[in-house]
Amino acid sequence: MNGIHDMGGMHGFGPIAPEANEPVFHEDWEARMFGLRRAMTSPRGFTIDRFRFLRETMPPVTYLTWSYYEHWYFATAQSLLQAGMVTIEELRTGHAAAGRPKRNDAMRPESVEAAATRGGNFARAIDAPPGFAVGQAVVTRNLNPTGHTRLPRYARGKRGLIHHWHGAQVFADSSARGDGECPQHLYSVMFSARELWGADAAPQDKVHLDLWESYLDAL
Amino acid sequence: MADDHLHHEDLAGQVPSDPALRIKALESLLVELGLVDPATIDAWIESFEKRIGPHNGAKIVARAWVDPDYKQRLLANGAGAIGEMNLLGSQGQHIVVVENTPIVHNLVVCTLCSCYPWPLLGLPPRWYKSAPYRSQAVIDPRGVLREFGLELGPDAEVRVWDSTSEVRYLVLPERPPGTEKMSEAELASLVTRDAMIGTARIPSPGRTR
């Protein structure tokens, strides 16, 4: 979706302001939200792509005023609301309504290490051969879906070169919709900074994006 | 899903405005529903406060500096070479390592969210997740580097890596001069998080930047 999250190339957000000796978490509630997200039982069919998409559906003003782990709160709460697992009233009070069944299959602490070190492989084998070869010239499609996409606005309709083939991976756009993994070939595509930003960019500078095959056409 | 927009207009306005209260309420509720074990929350926090952080990425960098064969494997197949050192993990199974040289400077960003190689660098700093960095890194990387005190010459080539898939990027910084006699462990202690994101160089030991 063409949301506020898609901020590559925007102006006016001010200085970056790195913080010296920054702690991993600034507040206890940030740590709790991080741990909660990683530890909790998610609704059936929930994926990391769905999680990202729900963050993108935050109203723009909330997106810009809530901090990172508050985004996690929003997407988590939203996923539970949409699955009918909680109500707004329960989120407000922190207590389950009378008669709600209680589950007993939550992740155990001893599973954390394995999940942290082994989780999250998105590579998939597919039958179709890759449609593009390294070095080939491509142009990104001008796609404006209302759902999740990993093709940012600044890189639509732009000419680039296939820099590397990553193999096939889960297609984020499908996975976020709940339409399954629909794996596609994934490429690192190299764009000149001038193609993306015009003549003021340094002629030798480059921007690389990882793009799925259905974002691309041969040039 | 047809109900994507069902609640979002009012969610923020209907839950406690203080994030500490809001998140406490969510945790209490999920504990009551049996959807989370608080001890598992503690374990995740501890794992990222104590065990997983930039010291992991620093080990990879130091190994690449002292072992040319390892460096070659690392640049050709990042995940394979990092797997040799048992440092792959969630948010970092697919890793590409990009090398800084006197004429090429790499910079990593995620403009759409905040993708970051967790197993190698831990959780991202606040600035990496912020709108100023995410917006500026792709359009004005040289300006970003200047904000971090790094001025690139006009001949240098800047390569920005926007993390738009599950592939995560790690910058292999240049080994600073004056480190020829240092051990691998000593070298690892010089490597900073920002150098592995690409917003810093590693200064020679004993010199100020």
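**Architecture and chain interface of a predicted two-chain complex**

The secondary structure of chain A comprises eight helices and five strands, where helices (H or I, at least four residues) and strands (E, at least two) are DSSP runs numbered from the N terminus. The structure is a predicted model, in which local features need pLDDT of at least 70 and side-chain atom pairs count only at pLDDT 80 or more, whereas totals for chains, interfaces and linings use all residues. Residues are numbered from 1 along each chain as its sequence is written, and chains are lettered from A and ligands numbered from 1 in the order in which they are written.

From the N terminus on, the elements of chain A follow the order α-α-α-α-α-α-β-β-α-β-α-β-β. The C-alpha trace of chain A spans about 60 × 45 × 35 Å along its principal axes. Of its 219 residues, 42% count as buried; a residue is buried if 20 or more other C-beta atoms lie within 10 Å of its own, exposed if 12 or fewer, and partly exposed in between, with C-beta atoms placed from the backbone. Two residues are in contact if their C-beta atoms, placed from the backbone, lie within 7 Å. Among contacts in chain A between residues at least 6 apart in sequence, 66% join residues at least 24 apart.

Chain B contains twelve helices and four strands. Its C-alpha trace extends over about 60 × 35 × 35 Å along the principal axes. Of the 209 residues of chain B, 51% are buried. Residues 24 or more positions apart account for 69% of the contacts in chain B with a separation of 6 or more.

An open sheet of seven strands includes strands of both chains, in the order E5(A)-E1(A)-E2(A)-E3(A)-E4(A)-E3(B)-E2(B), and its pairing is mixed. Two strands pair if DSSP finds at least two bridges between them. Strand E5 (216-218) of chain A and strand E2 (104-109) of chain B are the edge strands, each pairing on one side only. Neighbouring strands of the sheet are turned by 35° against each other on average, direction ignored. Axes are lines fitted to C-alpha atoms, for helices over the stretch in contact, and angles run from 0 to 180 degrees between N-to-C directions.

Within chain A, strand E1 (residues 137-140) runs antiparallel to E2(A), to which three bridges join it; A:Val138 has A:Gly160 in E2(A) as its bridge partner. Strand E2 (residues 159-169) of chain A is in turn joined by seven bridges to strand E3 (residues 184-192) of chain A, also in antiparallel orientation. In E3(A), A:Met190 is the bridge partner of A:Leu161, and A:Tyr187 is that of A:Trp165. Between the chains, E4(A) and E3(B) run parallel and are joined by four bridges. A:Lys206 stands opposite B:Arg159 in E3(B). Helix H9 (residues 131-139) of chain B lies across strand E4 (206-212) of chain A together with E2 and strand E3 (157-162) of chain B, running at about 145° to E2(B).

At the interface, 87 residues of chain A are in contact with 78 residues of chain B. The elements giving two or more residues to the side of chain A that touches chain B include helix H1 (28-39), helix H4 (68-82), E2 and E4 of chain A. The residues on this side of chain A divide into 43 nonpolar, 24 polar and 20 charged; Ala, Val, Leu, Ile, Met, Phe, Trp, Tyr, Cys and Pro count as nonpolar, Asp, Glu, Lys and Arg as charged, and the others, Gly among them, as polar.

The axes of H1(A) and helix H2 (residues 19-32) of chain B come within 9 Å and cross at roughly 35°. This crossing of H1(A) and H2(B) is left-handed, meaning that the near helix is turned anticlockwise from the far one by less than a right angle. The residues making the contact include A:Trp29, A:Met33 and A:Leu36 of H1(A), and B:Ile23, B:Leu26 and B:Leu30 of H2(B). By class, eight nonpolar, no polar and two charged residues form the contact of H1(A) with H2(B).

Regarding confidence, the predictor assigns the complex an ipTM of 0.97 and a pTM of 0.96. Chain B averages a pLDDT of 93, and 94% of the residues score at least 70; pLDDT is the predictor's confidence in each residue, from 0 to 100. Over residues 1-5 of chain B, pLDDT stays under 50, and the model has five contacts beyond four places in sequence for these residues. Where pLDDT is low, the predicted coordinates should not be read in detail.
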